[in-house]
Every structure is written in structure tokens, then in C-alpha cells.
Amino acid sequence: MSTQSTEPPVATTPPPAGGDVRDPNSKSAAKKEAKRLEKEAKLAAKAAKATVTGEKKVKVEKEKKEEEPAFVNTTPKGEKKDLSEPMAAGYNPLAVEAAWYDWWSAQGFFKPQMGPDGKPKKEGLFVIPSPPPNVTGSLHIGHALTVAIQDGLIRWNRMLGKTTLFAPGFDHAGISTQSVVEKRLYKTEGKTRHDLGREKFLETVMDWKNDYQGRITNQLHRLGGSYDWDRVAFTMDEKLSKAVIETFCQLHEDGILYRANRLVNWCVQLNTTLSNLEVDQKQLNGRTMLNIPGYDAKERFEFGVLTSFAYPIEGSDEKIVIATTRPETMLGDTAIAIHPDDPRYTHLHGKFAVHPFVDRRIPIITDSIIVDMAFGTGAVKITPAHDPNDYEVGVRHKLEFINILNDNGTLNANAGEQFNGMKRFHARVEVVKKLKELGLYVETKDNPMQIPICSKSGDVIEPVLKPQWWVDCKPLAEEAIKRTRAGELAISPKQSENDWYRWLEGIQDWCISRQLWWGHRCPAYFVKLEGKEQDANDGKNWVVGRTLEEATERAKVIANGAPFTLEQDEDVLDTWFSSGLWPWSIMGWPEKNPDLENFFPSSLLETGWDILFFWVARMVLLGIKLTGKVPFNEVLCHAMIRDAHGRKMSKSLGNVIDPLDVIQGLPLEQLHQKLYEGNLDEKEITKAKAGQKKDFPKGIPQCGTDALRFALCAYSGGGRDINLEILRVEGYRKFCNKIFNATKFAMLKLDETFVPEPTAKPTGNESLVEKWILHKLNIAAAEINQQLTERNFMSATNAAYNFWLYELCDVYIEAMKPMTDDSSPITTRKSAQQTLYTCLDYGLRLLHPFMPFVTEELWQRLPRRPNDPTPSIMVSSFPIHDDGFVFADADKQFDLVFSTLKAGRSLAASYNLQNDIQFFIHLQSDQDAALFEAQLSTIVALTKGCKSAKVVRDAKDVPEGCGSSVVSSSIVVYTLVRGLVDLDVEISKCEKKLDLARLNLQKIAKVESQVGYEETVPADVRLANDDKRKTLEAEISTLELSKEMFAKLK
């Protein structure tokens, strides 16, 4: 959009019919030709001189444009920005976004506004408990998506007049945070947590937490999240820790939480138990050599194979062959299973095999569940302490459970003297080697399979027996399914809802113990009776307590008068156990208080689909159990952000993006430098640098918060993945620039004397284009509200974008230029100004949920309506459908005018006309003629390079030498091209278009001539066909006339 105030000339006196104002023999044309020849002569002389002298051309450097000085925010923190100075020459996101956030916060706009009775307002309540980011590190672009969506909904609902609360907080993230701090400690000081001791190490982790909580808070400020910061929570705060202890104790008292010695997923690298959800399954298609964390980088171990070997049968020369994918686990075998009906092994029922490496007799048992006679040899080795299926066999047959693995991944004494202390995968190699030496090895062959991998460390998971605390999830899941099906919880998109039911229906018990130091220590105590041997695995010897005093009183019952001591469990609780209480623990539960009463349950839980089960499901299970309520009314799962190539964000790939780098921009060298802040080794840093150089050869461009938020919402159309391209974000920065410049230009039209009307209600003085833009504004408002209600952010942003760019900027602001000239009647001028003001005011409000900063900056520059004390756009009213803005007839009429001028533009462009364009619009009806006569100045204003436009009622009045375009059966637009085109080419074009039009007409005629057409084809289809036929007939007639006209000119 041009911001120049010079309007195109209006054709007040059209040239006489048939007149050629661009006659090639005119004085003007002769002048131009003389200039052209003079320029050519100069160029020829210059070239000749260079040939004679042989001198090289000296490059004259262009004078560099003076760079604007870097923006410095001079607004004192919390004070309102001074906008008394004129608007800047161009849009600078850093300048525009400065100061507003602190002012919003200082004004209390982020706090929930209650009704006069202290309760949520009658307009409604909207609460989002922000998913607490982990304090492991800074936010990445995925978090920016979360903020863009959630804050967009909060701002929209706030502007709808509702009481809103956006509750912020942070998650201690037990495993991840402890792991990252341990890595940093070893990298910087060469120390482990054990060197520091528990207390000192926890102080170190708390320092890390405070540092990164500060960094993340700054990022959330920059992203514009309108959180109520007075309510900020941390999962290990005293208030939330009290909720964790209460939950543990309640569940234990109700028999839902119990202690048992069962198989768990053990991560050697992290030295802790993991839940099934924290374990990924890596698919192998056959033999694969892998490097494992904790081993030399050059070492590779064999996976994806089936190794067969033989066990000698006790008291005979016979052997029985079994196969395994984990040869080292044979050191823990306590049985060999065969099918009771397998005739090959009937003679072995009740016999024993001899273990070749340890002094152990291995019983041969019969089991029809674990054994498939047709698979392999029909014999299966059983390792109850290291395999989930074998565990069940061990329980059924009361087998011995022998653990061969230490927590650090080495084998223990149960594995035999020659393997004791050996690392597990070294033992794998050694076992096969020893089997070969004993002649017991049979073969190794490819075996497509999955192996369990720790999602945090990448280590291979080991199933091991551990006494842990477990939650019985089945009864909780049954209630959650029932409540969801009853409509108490809505989950979108649909795919996530399907996943929800599938996971809950197959739910397993949840192991909540973690062998870490950072986290909530289990409020459970082992009652150690003096002088008595007890099984620490037995839950009967344990008590739980909200306080040590409560635990002591319960222990006295167990001790029954005997002296005892209490030993608190060293383990901490799974992070998801505490974050699973988030929506009600941040409101003060288990205490009853106004916050819990007013703001729980929440309205919406918005998060990534990848933690639907980790977190969302557990909140629902625990929420119903502890509070009797589903903790939120709606779950919205957003997509996973990937890079432009569709790859998952990964530090080692160098494609993890800090949202601040997109907001501020970052040169490539500084992007490289940030890699050294993490725990990557040199090899990974080199790889990451290469990835950064490929994706961001010039670094990341400065885009600003508004463009980033808008882009992320525009990407959110309901899919499961977003392939983010920074260039698209940069494109929305240009959109911000368009809004900025459009408002700046519009402000010139709203001079110092302008005063907005008390209301936006139309006055009745509006012109056609004003009614049209108000109607379009109304449609955009209704559409955005509808799409936000349906959580379709892509469509909502699209509606806002289209209104601003294609309707307000491209049409109305251009069309109103002649209407606001000094020569225009004062009524016309004032009406155009009032309409412009309404469009800017409401248009900025429509954008505000997506673009909070630029909309506030521009809205504050607009004058206020009389008696309107609204201090900020963020607490103004959001536009909704208004019957007073419905101008359906005007919309239809101007759309007809606009489609005609677009046809004219395309026609002019097809002849490469860029100036002195003249349009002749042939109209058949009096109604259309009157409409277009009144809109000629608008057609000229909206067509760049247009000199004049004229309505003609008779095709004979169209000047000879015109190109044409059929708009409809009754409207044809012409433009003068005589002397500017090759006539033979134009005749050929006409013939080709005629052939196509006649072919399409034949198709329509064939359809309309079918038997029973009138009776069987719906009326609206017949009407559309009739309209197509008439338009094609008009097009054929026009093309025939054009062809004839071009032929006469030859």
C-alpha cells in the first residue's frame, strides 16, 4: 500500500468516444522517442570510448544508507510509554515491544478481575493453568507455540469481559534437571554428586533452578504471556509439597498406593527407575552394532540378533537348545520351559539342566502360556528377575528370582565368579565367547526386534527387580473413562481423544519411586524393630505420614511396644506425580480457600499431544480421586514443532531454536557460540554448527514477538506436526510492517480536528465502499470469534490477515483517498474518517490476541471516543457480530464493482500497461450503469496507473483498438491498446479464447439438453448453469467483435 498522499487523477471529463489519447504520433510520444534515441546514443559513445582507451571501468561505491541507531528503551520500568513523538520512519519490533509488558503488569491487567460480589464476573470465567516448563534449561520454540496459543485465548476471553486467570509456574523435572546438573558438574569441575554429598548437591541444583527460572521468566515476558505473576508456583514450593505429601498419604490409606518388589525399567546411566512412558522402543531390522552410553565411544555391541546355545541335561549326554536376544541374561536363568504337549520333550518332564558357568541346577518346567511349540526349538530360557514375561512364569511356578545386575550396570556375584564386576555388554560378548569354548554355542542369526531405550539418556533399559512404590491405576482409569464419555471432558483434536481411550483402557500400574536426590522425598518410613530381622521389601513393615509425628504414631501400632527406629525412604517421587496435581495444588489444595472455590476446575488444559499420557491423564486420574472433579473442562493438544526439514528438534542437530533469537535476531557466529553453553561434546558441537550453517546461513533474522506469535498460531491447523520455517515468520514481520505503515498513513487522514463519534454505530452517511468495509469488518469479527471458539487458530489468523491486508489496506484505505481530499464535501470526508477510525480501532482489537505489542502501540496512538476511559487495548471489548454493520446489498454491489476492476487490472497487466490506462465499462442494465457511474473514482483510485474510467451503454461507443474481458453476461470491461500491440497476435489470442469458450458452451448445452433436466437437477444447479451459459455467450460475442475490430485495424 502506498503511503503517499498524492491521489491518482480522476477522469472527470472522459475523452470522446473513439478518441485515442495515446496516439503514437502525438507530441508526447515524439518527445519520449527523442529521449530514448538520445539515451541510446550516449550509451554507444561510452562503449566506443572504453574500446579505444581500454581503460577499466572504475566502480563507484554507492553511498551507504545511514543505519538507524540501536533502540534504547528510556521508559522507566512500569510506566506508560510516551507516544507524544511522531511515529518512527519504519517498523522496529524491539522499539514497538519495549515497555508495554511492564506497564500492563504494573497496572494489574494480568490479574483476574472479579465481579462486585468478589466472585467471577457474570460474563464468564476462563482459567488456564500454564503447563510448568522444566527448569532444565531455557525455553525452545515449542514453548513459544504454547504461549502463543494459551495467551491468545486468555487475551481473547479477557476482552470478551470474562474473569480470566493465566497461572504461571515451573516444574523441578527430577530426572532431567539432576542429569543436566550432574553433567555440567562433571564437565566443569570433574566431580560427581557423590563427591558433593546430598545436601551440597541439592544446593547446587537449587542454584541452577533459580538461574533458569529467571531466564525462563524473562522469555515468557518477552513472549507477552499475560500471567498473574503474583501466583507463580514451583512444584517443590512448600505449598505444593504439602499437596504431594497429602496425596501420597491419602492414596496409601485408600489402598491405591502400595509397595511391592516388582520388575521396573532401570536406566543404568541415570541410575534410576523409569515409568513405561519414559521408555522409547527402538526398531531394529536385524543385526545392528550400537554404542551405549557409559562405554568407550569406539565400542559397539551387537543387537538385533538371536543367539542359540545348548544347556546340558543333568545325568546324560543330551542337550536342550534355547535362543535369546540377550545372552548375558542366561547367567540369571532359573528354569527352562517346554510345552506340556510337545512330544519331543516328554522325557524331560521334571528333569534338570546344568548351568555351564554357575553352580546351579535348572529345572525343566512345562508351561503352555509362555511356550509356542512351533517357534524355534520349542524350549524357552526363563530369567524371572530380568524379563517381564519370565517374571510372570516365575510367579506361576514359584521359581527362584535371581538378580545378576548391580545398579551401575555391572554384574554381581550371582552371575558367577568369572563375570562378577564385568559391565553388562562386555559380559554379553564374554558369555558367547565362553559358550563357544565349551562347545555349547549353536548359531547367531538376524532377528528384527525392538529394544527399550531411555528417552532421557539414550541408554538401553534393563528390567530389574526393585522394591518400589506403585499406584493402582485401573480403578482410577475406569472412572476417568466414564466421566469423559459422559461429556465432562472434551479432548481435541479427535485423534488425541481416540488415543486417550486406548491408553486408559490398557493402563498399567504406575511406579512412582525414583532413585534420585532432586525431588520430593517419599513420605514413607521403614519401621526398624530392634533385634528383629525384617524384609524391607514387604510393605507391612512401612508406614507413611504427613509428618514425622503421624508416622511415629502409626509405627507404634506395628511395633506393639517393641523399641524401634524410623528410616525414611531415600527415594524421591516421579516428577509426574507432583505435576499431576498442578491445577488444584496451585490453588492451595488440600486447604479450602477462595482460589480453589473460584478457579478450580480450570477451563482449559492446552499442551502437546506427546504428554497426553505422561501428564494430562495423570491429572485427570488424580483430580477425580482427590477432588471428585475432572480438573479441567477441555484438553487441547497442539502439534509438535519440527524444523523446516521435518526433523525433531535436537541440540546435536543444531536446530533447537530459542524464541528470543527469533524475536531479536542472531548472527550465525553467535548462534554457534550458544552451543557451548550446553553439555554437548566437541564432536556434537561440530555437527550442530554444520546444521545451523545450512539452515541459517546468515543467522536468524529479527522478527519480533508479534510476528512469531502470529506465525505459530497460523501454523496451528489441527495436525500433529509443524515444520517451522523462519522465513515464514519473517514474512509476518512484513505484515506487522504493513499494519504499522497503514496506521501511520491513516493517522494523516485523521487530522488534529478529528473527533471520533461517541459510538461506532453507522451514521447513515456512509458511501458504498464504507458500507462494504464495515460489512467485511463484521464478517471478520464473527469469523475470528467462531474459529477461536473452535480452537482453529489457523483460520482465525487467516481471517484477521485477510481483513487487514486485502480489504482494509488494499481496498478501503486506497479508495478513501479521493474521499478525504480537501475538494470532497465535508460530509463525505467526515464519514470516511469515522469509518477509517472504526476499522483501525476494531481491526487492531481483532489482532490483539495474536499480536499484543504492535496492536497496543498503534491503538494508543488513536484518539479515544468521547467518554471512553479504556486504558489499554488488552482490556477493551473484543469486536463481535453487530447487526448494525450488516450491509448485505452494499457488499454485493461493491463486490461486483471490485470484481470488474480486478478484471480490468488483469486485462491491463496482460498488455503490460503500467500508466495512462483507460477503462471503458460496457453495462447493459440501468441499475449497473448507475452503480458504476458512482464508483468510477474508486475504480481509478484502486487501479495503479489508471488515468480514467468511463461507463458505456452501447458496445459501439467503445473506441476501436481495445482489448476486452468479460466479467458477466451483462458486464464487459475494455482498455485501449491501439498502437501498443501486435494485431496478428491479438487476433490469434481471440481465436484461441473463442475455441475454448465454444467448447465450454457445448458442454453446458449438452447438460441442459438431457432428458428430465428440469425435473431432476436441483434449481440452484440449473441457475448456475444458466448463468454460465449466458456469460459464455457474452464472452463469445465480445471475442468475435474484438477479433473483427483488430482485423479492421490491420
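Q: Asp916 first: how exposed is that residue?
A: Asp916 is partly exposed, with a relative accessible area of 31%. Keep in mind that this is a predicted model.

Q: Where does Asp916 sit?
A: In the loop between H27 and strand E30 (917–923).

Q: Which loop holds Asn867?
A: The loop between helix H26 (852–859) and helix H27 (888–910). Phi of Asn867 is near 65°, again positive in a residue other than glycine.

Q: Is Asn867 buried or exposed?
A: Exposed, because its relative accessibility is 82%, and the cut-off for exposed is over 50%.

Q: OK, peptide bonds. What joins Trp589 and Pro590?
A: A cis peptide bond, with omega at about 15°. Pro590 is placed in the loop between helix H15 (582–585) and helix H16 (594–599).

Q: What about Phe600 and Pro601?
A: A cis peptide bond joins that pair too, and omega is about 0° there. Pro601 is in the loop between H16 and strand E26 (602–608). As a rule, most peptide bonds are trans.

Q: Switching to cysteines. How many disulfides does the count come to?
A: Zero disulfides. Cys454, for one, is in no disulfide: the nearest cysteine sulfur belongs to Cys267 and is 3.8 Å away. The cut-off for a disulfide is sulfur atoms within 2.5 Å.

Q: Is Cys454 buried or exposed?
A: Buried, because its relative accessibility is 2%.

Q: Let's do helices. How far does H10 reach, end to end?
A: H10 covers residues 424–437, which is 14 residues, and reaches 20 Å from its first C-alpha to its last. That's close to the 20 Å expected at 1.5 Å a residue.

Q: Which residues of H10 are buried?
A: Arg424, Phe425, Ala427, Arg428, Glu430, Val431, Val432 and Leu435.

Q: What do those buried residues pack against?
A: Strands: E9 (301–303), E10 (305–312), E16 (441–446) and E18 (462–471).

Q: And what happens just after H10?
A: Gly439 takes a positive phi there, about 75°.

Q: How do H30 and H32 cross?
A: Their axes come within 9 Å and cross at roughly 155°. H30 spans residues 983–1008 and H32 spans residues 1019–1048.

Q: Roughly parallel or antiparallel, then?
A: Roughly antiparallel, because the angle is over 145 degrees. The crossing of H30 and H32 is left-handed.

Q: Last one: which helix has Ala782 in it?
A: Helix H23, residues 768–789. Ala782 is partly exposed, with a relative accessible area of 31%.

Q: How far apart are the C-alpha atoms of Ala782 and Met206?
A: They're separated by 49 Å, and the two residues are 576 residues apart along the chain.

Notes
Residues are numbered from 1 along each chain as its sequence is written. This is a predicted model: local features need pLDDT of at least 70, side-chain atom pairs count only at pLDDT 80 or more; totals for chains, interfaces and linings use all residues. Side-chain values use heavy atoms; hydrogens and water are left out. Helices (H or I, at least four residues) and strands (E, at least two) are DSSP runs, numbered from the N terminus. The expected span of a helix is 1.5 Å times one less than its number of residues. Buried means under 20% relative accessible area, exposed over 50%, partly exposed in between (1.4 Å probe, protein chains only). Contact means heavy atoms within 4.5 Å. Axes are lines fitted to C-alpha atoms, for helices over the stretch in contact, and angles run from 0 to 180 degrees between N-to-C directions. Angles under 35 degrees count as roughly parallel, over 145 as roughly antiparallel, 65 to 115 as roughly perpendicular and the rest as oblique. A crossing is left-handed if the near helix is turned anticlockwise from the far one by less than a right angle, and right-handed if clockwise.
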